[in-house]
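I opened my notebook to look up a few things in this structure. My notes follow in the order I made them.

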Amino acid sequence: MIVEYIRYRIPGERSEDFEAAYHKAADCLSRAPQCADYELARSVEQPESYILRITWTSAKDHLEGFRRSDLFQEFFAAIGPFVHDIEEMSHYERTAVRGTGGSIPSLYDWAGGAEALERLTERFYDLVAVDDLIGPLFKHMNPDHPRFVAMWLGEVFGGPARYTHERGGYRHMLSMHLGKAITEPMRRRWVSLLMDAADEVGLPADPEFRAAFTGYIEWGTRLALANSQPGAEPVREAPVPHWGWGVAPPYSG
Ligand code: HEM
């Protein structure tokens, strides 16, 4: 991904036409397969200043894909009258400095932190141990396994990076699934028992939290299944994923 910034200076009497032109042009961006997202913002202190941010799949996709497409002709027809008002037009590489602010709690905090996740995994592996379908897979598990999985989930949901620092991170988690030949009925049972445990230990039951929580569990179990197949060639090195609220942040009405 690459971020393009275009800064405009538009005199007050032309701002209405300018925004109307971008409403039209935005439709082209929405349809462009090279465009991930875009936003036009206007300065509060200097209302004649506008910044357009467009995230492209890559600079090459922008310059050689979008710029040479019919959509660009349409885009340009809309915003052409304003090209001379451009003050800067550049591509920017993202750096590692980014994140979300403190106005939205992490899923980890919302769930109740390490203690709540440990209660969850303790109960979950009690249920797993007596389950006829997946119990046998965990017959020789480390007695600390529930705590390790709680650490993993904590890190994924925005808590401290303990699994990475104390347990070997993604690489170790992956190694524990290799060759386990997890089947779809086993995956489903794993999910179903985890959801039972979540209800039993009183994990927050609000729709927003459960949607985000279940989203990660679906994603993670499907990856675990794929990576566990004989002959699988999974990604060997990766950071621990960080899961957020997605499209529905916590309800605060
Ligand atoms: C979101 C999905 C999943 C997560 C987050 C997860 C997490 C983990 C983690 C962190 C470990 C390593 C613990 C350690 O550090 O020792 C592990 C091991 C293991 N996982 Fe998963 N897992 C997932 C899905 C599954 C599924 C669907 C199955 C099978 C139905 C499964 C079976 C196992 C087994 C058998 C081990 C090794 C246990 C042992 O012998 O100690 N996992 N898992």
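I began with the shell around the ligand and sorted its residues by class. I counted Ala, Val, Leu, Ile, Met, Phe, Trp, Tyr, Cys and Pro as nonpolar, Asp, Glu, Lys and Arg as charged, and the others, Gly among them, as polar. The shell has 14 nonpolar, seven polar and three charged residues.

This is a predicted model, where local features need pLDDT of at least 70 and side-chain atom pairs count only at pLDDT 80 or more, while totals for chains, interfaces and linings use all residues. Residues are numbered from 1 along each chain as its sequence is written.

Next I asked which residues come nearest to the ligand. Of the 24 residues around the ligand, these are M141, F148, M176, G220 and A224. Here a residue is near a molecule if its C-beta atom, placed from the backbone, lies within 6 Å of it.

Then I looked up the helices. α6 (145-156), α8 (169-177), α9 (184-200) and α10 (207-227) each give the ligand shell at least two residues. Helices (H or I, at least four residues) and strands (E, at least two) are DSSP runs, numbered from the N terminus.

The protein chain has an average pLDDT of 96, and 99% of the residues reach at least 70. pLDDT is the predictor's confidence in each residue, from 0 to 100. The model's ipTM is 0.97 and its pTM is 0.82.

How is the chain divided into domains? Domain 1 spans 2-92 and domain 2 spans 107-227. These bounds come from an automatic or database domain assignment. Over C-alpha atoms, the centres of the two domains are 44 Å apart.

I turned to residues 2-92. An unreviewed UniProt entry annotates them as "domain: ABM"; such annotations may be inferred rather than shown by experiment. The span is 37% helix and 34% strand, and its end C-alpha atoms lie 6 Å apart.

β1 (residues 2-9) pairs with β3 in the antiparallel sense over eight bridges. Two strands pair if DSSP finds at least two bridges between them. R7 has I51 in β3 as its bridge partner.

β2 (residues 35-42) is also antiparallel to β3, over seven bridges. Y38 stands opposite I54, and R42 stands opposite Y50. Six residues lie between β2 and β3 in their hairpin.

Which residues of β3 (residues 49-56) are on its covered face? I found Y50, L52, I54 and W56 there. S49, I51, R53 and T55 are on the uncovered face.

Definitions and conventions: A residue is buried if 20 or more other C-beta atoms lie within 10 Å of its own, exposed if 12 or fewer, and partly exposed in between; C-beta atoms are placed from the backbone.
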